[in-house]
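Subject: Handing over a structure

Hi there,

Here is the structure I promised to pass on to you. Have a look through it first, and then read on for what turned up.

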Amino acid sequence: MVAALRQRKVTTPFTGMLKEARSGQDPPCYSYSTYANNALEPHMSRETLDYHYGKHHRAYVDKVNELIVGTEFEDASLEELVAESTGDIFNNAAQVWNHTFFWNCLSPRRQSPGKELNQALESLGGLESFQKQFDKAASALFGSGWTWLVKDTKGAVKIITTADANTPVRDGQVVLLTCDIWEHAYYIDRRNDRAAYLQNFWPLVNWEFVSANLTSG
Ligand SMILES: [Fe+2]
């Protein structure tokens with residue numbers, strides 16, 4: 001069943017935190033080990049990174065580690081948990097996976113989509129049209145969840161949203177880009193202004209990572 005989860009493994013410091021987080025040591029925090037925790041300013045503040053990555057993301061890691069003790073999933077990889085678990089274990093594992101992927105989608109270095117990605121986005125009317133549709137989908141998402149650019153099982157590029165912790169990788173879709181639409185992602189910087197959060201999301205997009213997902217998926 002895990003083979004059905006086609007997305008390649010994501011790699012940010014929390015990726016390997018299942019089990020390791022139980023050691024009680026400080027996590028190799030994203031904001032300190034990848035780049036300075038103010039590197040995404042002014043679009044995403046140091047305080048948001050400290051809370052969103054250092055507390056929210058970390059809490060999902062700690063919780064899933066706690067929940068899998070004594071279960072059939074005790075030795076499972078993160079990908080196996082996302083593919084096979086249910087209930088609270090799935091919710092926390094999927095949130096770890098989704099957040100890890102989300103951090104990969106951001107970069108302090110301003111980028112533009114490459115040729116191949118631009119071509120893929122033509123089916124959505126080109127980059128600008130895609131961004132507008134993505135914003136619209138994200139704005140319309142009721143409650144908490146995620147907005148995604150995915151390549152579906154037929155190879156079509158499309159925008160989807162998922163509620164709560166749900167993740168399209170479980171359905172065999174290849175995820176290219178995501179934006180976290182949980183309020184904890186933007187309340188510190190933007191209060192309840194989701195539109196402002198989205199406006200500040202685009203300058204941070206790691207298009208090289210998105211392109212790599214397109215070609216490897
Ligand atoms: Fe989040």
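Let me begin in the sheet: Trp-148 has Ile-160 of β2 as its bridge partner. Before going further, a word on what you are looking at. The model is predicted, so local features need pLDDT of at least 70 and side-chain atom pairs count only at pLDDT 80 or more, while totals for chains, interfaces and linings use all residues. Residues are numbered from 1 along each chain as its sequence is written.

The sheet

Strands β1 and β2 pair in the antiparallel sense over seven bridges; two strands count as paired if DSSP finds at least two bridges between them. On the other pairing, six bridges join β1 (residues 145-151) to β3, again antiparallel. There, Leu-149 has Leu-177 of β3 as its bridge partner. Put together, the three strands form an open sheet in the order β2-β1-β3. Because β2 (157-163) and β3 stand at the edges with a single partner strand each, one side of each has no neighbour in the sheet. From one strand to the next, the twist averages 25°.

So is β3 buried or exposed? Seven of the seven residues of β3 (residues 174-180) are buried, so this strand is largely enclosed by the rest of the structure. A residue is called buried if 20 or more other C-beta atoms lie within 10 Å of its own, exposed if 12 or fewer, and partly exposed in between, with C-beta atoms placed from the backbone.

The chain as a whole

The protein chain has ten helices and three strands. Helices (H or I, at least four residues) and strands (E, at least two) are DSSP runs, numbered from the N terminus. Starting at the N terminus, the order of elements is α-α-α-α-α-α-α-β-β-β-α-α-α. The chain has 217 residues, of which 37% count as buried. Of the contacts between residues at least 6 apart in sequence, 65% join residues at least 24 apart; a contact means that the two C-beta atoms, placed from the backbone, lie within 7 Å.

Core and helices

The largest nonpolar core has 49 residues. Such a core is a set of buried Ala, Val, Leu, Ile, Met, Phe, Trp, Tyr and Cys residues joined through C-beta atoms within 7 Å. Val-64, Val-82, Ala-93 and Leu-176 have the most contacts inside this core. Which helix gives the most to the core? That is α5 (residues 87-104), with nine residues.

Helix α5 also lies across β1 and β3, running at about 90° to β3. Its packing with α3 is worth a look too: the two helices meet at an angle of about 145°, with their axes 9 Å apart. Axes here are lines fitted to C-alpha atoms, for helices over the stretch in contact, and angles run from 0 to 180 degrees between N-to-C directions. Residues making this contact include Tyr-53, His-57 and Val-64 of α3, and Ile-89, Asn-92 and Trp-103 of α5. By type, the contact residues divide into nine nonpolar, four polar and two charged. In that count, Ala, Val, Leu, Ile, Met, Phe, Trp, Tyr, Cys and Pro are nonpolar, Asp, Glu, Lys and Arg are charged, and the others, Gly among them, are polar.

Asn-65 is found in helix α3 (residues 46-67). It is partly exposed, with 19 other C-beta atoms within 10 Å. Asn-65 and Asn-92 are 27 residues apart in sequence, and their C-alpha atoms are 9.2 Å apart in space.

Some backbone details

Most residues other than glycine have a negative phi, and most peptide bonds are trans. The peptide bond from Glu-41 to Pro-42, however, is cis, with omega near 10°. Pro-42 lies in the loop between α2 (30-33) and α3.

Asp-164 is not a glycine, yet has a positive phi of about 55°. Asp-164 sits in the loop between β2 and β3 and counts as partly exposed, with 13 C-beta neighbours inside 10 Å. Arg-191, also not a glycine, has a positive phi of about 55°. The loop between α8 (187-190) and α9 (194-201) holds Arg-191, which counts as exposed because it has 11 C-beta neighbours inside 10 Å.

Best wishes
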